[in-house]
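Colleague: Could you take me through some labels on this model and say what stands behind each one?

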Amino acid sequence: MIYLRDYIGGSAVRECYRHPLFEDKCVKVVKDKKDLPGLLREVRVSKLVAPYLGDYIVEYEDELVETDRGPGLVCGLVRNDCDGAVAPALAHYQEGGVELGGDIERGLREILRRLIAHNLFFYDFNEGNFVVKETRGGGKKVVFIDLKGFHKNGYMGFLKLERFIAPMARNIMFRRMRRLYRELKIDEFPLNGLCGEKMFSSFWVDVRL
């Protein structure tokens, strides 16, 4: 049994805590038991997308662990190389009025480029799903920390054709990527050319759980 005390953050569905035994790990738990399958799903998603995203995502343990707050998902905790502080969310930089160019924009662009290039259809792009760590060389690296948006469109439509028809999936994903850039007040979405090239490159969705 793991006892969780050091709360890091959360959402409407989940809470995240520092792992009490390993400083480089955290534990995610759900607030409502009905959302528990989402933790196991995220583990499966991580194994599926890791070959494409590399160190732009954290490592996930294969099995859930028992905690005093219910079953928990254990994964890497992103920390700054220089001082060991927990890497802040992209939203932190935006709220602080920091110019989101340079390393931050390049890192975000590379993550989105890989999703587009490899037909990995994610739909949840908010500023809390990315963290920014400081590297030893003084640069910044963006890490994608929330994988539950894989093929989760979050709408109540019945057919959900984007699960199978790739151009429909791309249309939704590209639109939400562009919205993220607008919300971050980055003037131009840099991947429009790649989006155009990929839009009708295949008809069927071939990478899904």
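Colleague: Happy to begin with a charged pair: why is the contact of Asp68 with Arg5 called a salt bridge?

Modeller: The closest N and O atoms of Asp68 and Arg5 are 2.6 Å apart. A salt bridge needs a side-chain nitrogen of Lys or Arg within 4 Å of a carboxyl oxygen of Asp or Glu, so this pair qualifies. Please keep in mind that this is a predicted model, where local features need pLDDT of at least 70, side-chain atom pairs count only at pLDDT 80 or more, and totals for chains, interfaces and linings use all residues. Residues are numbered from 1 along each chain as its sequence is written, and side-chain values use heavy atoms, with hydrogens and water left out.

Colleague: How many salt bridges does the structure hold?

Modeller: There are 15 salt bridges.

Colleague: What makes Asp68 and Arg5 a tie between separate parts of the chain?

Modeller: Asp68 lies in the loop between strand S4 (65-67) and strand S5 (70-76), and Arg5 in the segment before S1, so the bridge ties together parts that are 63 residues apart in sequence. Here helices (H or I, at least four residues) and strands (E, at least two) are DSSP runs, numbered from the N terminus.

Colleague: Why is Arg5 called exposed?

Modeller: Arg5 has a relative accessible area of 59%. Buried means under 20%, exposed over 50% and partly exposed in between (1.4 Å probe, protein chains only), so Arg5 counts as exposed. Asp68, at 32%, is therefore partly exposed.

Colleague: How do you know that Lys25 and Glu61 form a salt bridge?

Modeller: Their closest N and O atoms are 2.8 Å apart. The pair links distant parts of the chain, with Lys25 in strand S3 and Glu61 in the loop between helix H1 (37-53) and S4, 36 residues apart. Lys25 is partly exposed because its relative accessible area is 24%, and Glu61 is partly exposed at 29%.

Colleague: What sits under the charged end of Lys25?

Modeller: The ring of Phe22, whose centre is 4.7 Å from that charged end. A charge sits over a ring if NZ of Lys or CZ of Arg is within 6 Å of the ring centre and within 35 degrees of the ring normal. Lys141 has such a placement too, with its charged end over the ring of Tyr56, 3.8 Å from the centre.

Colleague: Why is Lys133 called buried?

Modeller: Lys133 has a relative accessible area of 16%, so it is buried. Lys133 is found in strand S6 (residues 130-134). Its contacts (heavy atoms within 4.5 Å) include Val78, Asn80, Asp81 and Ala87, with residues up to four places away in sequence not counted.

Colleague: What makes Asp81 and Lys133 a salt bridge?

Modeller: Their side chains meet at 3.0 Å, N to O. Asp81 lies in the loop between S5 and helix H2 (90-95) and Lys133 in strand S6, so the pair ties together parts that are 52 residues apart in sequence. Asp81 is partly exposed because its relative accessibility is 27%.

Colleague: Which residues are linked in a network of salt bridges?

Modeller: Arg14, Lys28, Glu42, Asp146 and Lys148.

Colleague: Now the rings: how many aromatic pairs are there?

Modeller: The structure holds 6 aromatic pairs. The rings of Phe130 and Phe144 have their centres 4.9 Å apart and their planes at 15°, so this pair is stacked. Phe130 is in strand S6 and Phe144 in strand S7 (residues 140-144), 14 residues apart, so the pair links distant parts of the chain. Rings of Phe, Tyr and Trp (its six-membered ring) pair if their centres lie within 6.5 Å, and planes under 30 degrees apart count as stacked, over 60 as edge-to-face and the rest as tilted.

Colleague: Why is Phe130 called buried?

Modeller: Phe130 has a relative accessible area of 0%, so it is buried. Phe144 is buried too, because its value is 1%.

Colleague: What makes Tyr181 and Phe189 edge-to-face?

Modeller: Their planes are at 85°, with the ring centres 5.2 Å apart. Tyr181 and Phe189 are buried.

Colleague: Which residues form one aromatic cluster?

Modeller: Phe122, Phe130, Phe144 and Phe150.

Colleague: Lastly, how do you know that S1 and S2 pair?

Modeller: Two strands pair if DSSP finds at least two bridges between them. Strand S1 (residues 7-10) and strand S2 (residues 14-18) have 3 bridges, in the antiparallel sense. Gly10 stands opposite Glu15 in S2, and a hairpin joins S1 to S2 through 3 residues. S2 also pairs with strand S3 (residues 25-30), antiparallel over 5 bridges, and Glu15 stands opposite Val29 there.
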